[in-house]
Structures are given as structure tokens and as C-alpha cells.
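Reader: I have a structure open and want to learn how to read it. Can we go through it feature by feature?

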Amino acid sequence: MARWSELDAWDGPWIDVFVLMWEAYVAGTIPVGAVLTDETGRVAARGRNRIFDEPADGELVGSRLAHAEVNALLALSPERTYEDWTLWSALEPCHLCLSAAFTARVGHVSFACSDAYGGAVGRLLPSRDHAAHPLRIDGPLEGVPGVLPELLLIAHYLWRRPEGDVVRFYAERRPNLIEAAKELPAPTDGAGLPEVYAAVRARGLEPPRSVSPTGT
Ligand SMILES: [Zn+2]
């Protein structure tokens with residue numbers, strides 16, 4: 001188990017999720033990783049954001065729909081349901097990914113870090129289908145795992161679209177996160193996840209306390 005982090009303090013494949021997140025970040029796409037586990041806790045599928053990747057086989061790529069969670073969920077069969085399975089994500093799922101988890105009939109979603117801009121937990125208007133297939137959701141984690149993914153999201157947009165909506169939102173609403181994200185290496189700087197994790201830990205940022213962890 002990697003000792004550069006406290007990710008093994010929580011149940012779940014968080015190391016895998018964060019490594020996929022970092023892989024997406026250095027690939028120059030939106031830094032989100034996601035892992036599916038089955039009813040025994042075994043990792044059954046992995047996915048990462050590939051919106052800005054070059055075309056490749058096997059996962060959604062080069063599309064605004066190529067979210068990490070969707071790419072993990074693509075492995076699931078329509079011939080059965082997955083109420084005992086868990087979708088683990090670095091970042092609070094958006095509307096697309098929460099809906100995808102419902103649609104794939106996964107029973108549980110767990111995320112490491114809130115997403116004040118795109119997160120949809122508690123904001124999805126349930127249909128009758130959702131009511132018939134309840135989705136249990138928990139998150140965020142505490143400490144560095146509960147803040148690093150959102151900082152990387154901001155760092156990605158500072159690099160890709162510094163004048164865009166995401167940066168503007170955080171500059172107005174969470175300026176301390178913008179300042180912290182500016183200190184992170186750019187995707188192309190050749191940095192590693194352990195050193196970035198340590199830098200965020202040294203800064204002592206904590207996840208916002210106002211986030212509600214459950215509900216759809
Ligand atoms: Zn999503």
C-alpha cells in the first residue's frame with residue numbers, strides 16, 4: 001500500500017481512484033478517476049475522464065460524455081443489476097454520472113471530494129425509475145483526499161481555460177481554492193502524485209464543512 005497518502009485509512013479502492021485521477025490530469029484532461037467494485041469488494045472495472053484524449057478503443061473518448069464514472073460503468077452488462085456494487089469516484093459525480101449509475105443499476109456511489117461547480121448530489125430531480133432503484137451515496141472524505149481532487153479540477157481549468165466559467169466560479173466563490181490550485185504543477189510539468197499530495201497536505205486545507213454527504 002502506498003505510504004505517500006492516508007488513502008488506505010478509508011475502506012475502498014481509493015488509491016486506484018486517485019492514481020486514475022492523476023493519470024487523467026497529466027494526460028491534459030479533466031482529473032477524475034473512478035473504480036467499480038463488486039459485492040465482495042473486488043475491483044471489477046476502472047475508468048478515467050477521457051474528454052480531451054485522442055481516440056482509442058474500449059472507453060468513451062474525445063466526447064463531452066467521456067466522464068470517468070461513465071467509462072467505468074461501460075463494463076457493466078445489461079443482463080443483470082448491481083445493487084451490491086459500488087462506484088467510487090475521486091470527485092462528486094455530476095448529473096450525467098449520477099444518472100448513469102442509476103441507469104446501470106449500481107446500488108452505491110462513494111466520492112472522495114465535493115465538486116462545488118459540477119457536483120449533482122442532492123440536486124438530481126428523481127424520476128419514478130430512480131425511486132424504484134435507490135442509490136446510496138456517501139462522501140466526501142476528510143483531509144487531503146477530500147480537497148485534492150477539487151484543487152486538481154481547478155488547476156486543470158487554470159491551465160486549459162483560465163478565462164472560463166469554472167475558474168470564474170471559483171474566483172468568486174472559493175478564492176482560497178484558486179490560490180491553492182495556482183501552486184500545483186501544471187499537467188505538463190512532469191510532477192508525481194505523491195509530491196502533489198504532500199504539498200496539499202502541507203498547506204493544511206480542509207474540505208468545506210457545509211457539504212451534505214448523502215441524498216440524490
Ligand atoms: Zn460526470
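Reader: Which residues have the most contacts inside the largest nonpolar core?

Author: Start with the general idea. In soluble globular proteins, nonpolar side chains tend to be buried together. Now this case, which is a predicted model. The largest nonpolar core has 61 residues. Those with the most contacts inside it are Val17, Met21, Ala34, Leu87, Ala101, Leu151 and Ile154. Helix H1, residues 14-26, supplies the largest share of this core, eight residues.

Reader: Which residues is leucine 151 in contact with, leaving aside neighbours within four places in sequence?

Author: Leucine 151 is in contact with Leu177, Ala180, Ala181, Leu184 and Val200, once those neighbours are left aside.

Reader: Is helix H5 mostly covered or mostly uncovered?

Author: Mostly covered: ten of the 13 residues of H5 are buried. They are Leu148, Pro149, Glu150, Leu151, Leu152, Leu153, Ile154, Ala155, His156 and Tyr157. The cover over them includes H1, E3, strand E4 (106-113), helix H6 (165-173), helix H7 (175-182) and helix H8 (193-203).

Reader: How many Å should H5 span?

Author: Take 1.5 Å a residue; the 13 residues of H5 should then span 18 Å. The end C-alpha atoms of H5 are 18 Å apart, so the two agree.

Reader: Where does valine 147 lie?

Author: Valine 147 lies in the loop between strand E5 (136-138) and helix H5 (148-160). Apply the neighbour count again. Valine 147 has 25 C-beta neighbours inside 10 Å, so it counts as buried. Valine 147 touches Cys113, Val200, Leu205, Glu206 and Pro207, not counting residues up to four places away in sequence. Take leucine 205 from that list: it is 58 residues from valine 147 along the chain, yet their C-alpha atoms are separated by 7.1 Å.

Reader: Now a strand. Which residues of E1 are buried on one side, and which on the other?

Author: In a regular strand the side chains alternate between the two faces of the sheet. In E1, Gly33, Val35 and Thr37 are buried on one side, and Ala34 and Leu36 on the other. Both faces are covered. For the strand as a whole, residues 33-37, that is five of five buried.

Reader: In what sense do E1 and strand E2 pair?

Author: Antiparallel, over five bridges, with E2 at residues 43-48. Valine 35 has arginine 46 in E2 as its bridge partner. E1 and E2 form a hairpin with five residues between them. Glycine 41, in the turn, has a positive phi of about 90°. E1 also pairs with strand E3, residues 82-91, in the antiparallel sense over four bridges. There, threonine 37 stands opposite threonine 86.

Reader: Where is the pLDDT below 50?

Author: Look at the whole chain before the details. The mean pLDDT is 92, and 95% of the residues reach 70 or more. Over residues 210-216, though, the pLDDT is below 50. This stretch has 19 contacts in the model, beyond near neighbours in sequence. Where pLDDT is low, the predicted coordinates should not be read in detail.

Methods. Residues numbered from 1 in each chain as written. Predicted model: local features only at pLDDT ≥ 70, side-chain atom pairs only at ≥ 80, totals over all residues. Helix = DSSP H or I, 4+ residues; strand = E, 2+ residues; numbered from the N terminus. Buried ≥ 20, exposed ≤ 12 C-beta atoms within 10 Å, placed from the backbone. Contact = placed C-beta atoms within 7 Å. Core = buried A, V, L, I, M, F, W, Y, C linked by C-beta atoms within 7 Å. Pairing = 2+ DSSP bridges. Expected span 1.5 Å × (residues − 1). pLDDT = per-residue confidence, 0-100.
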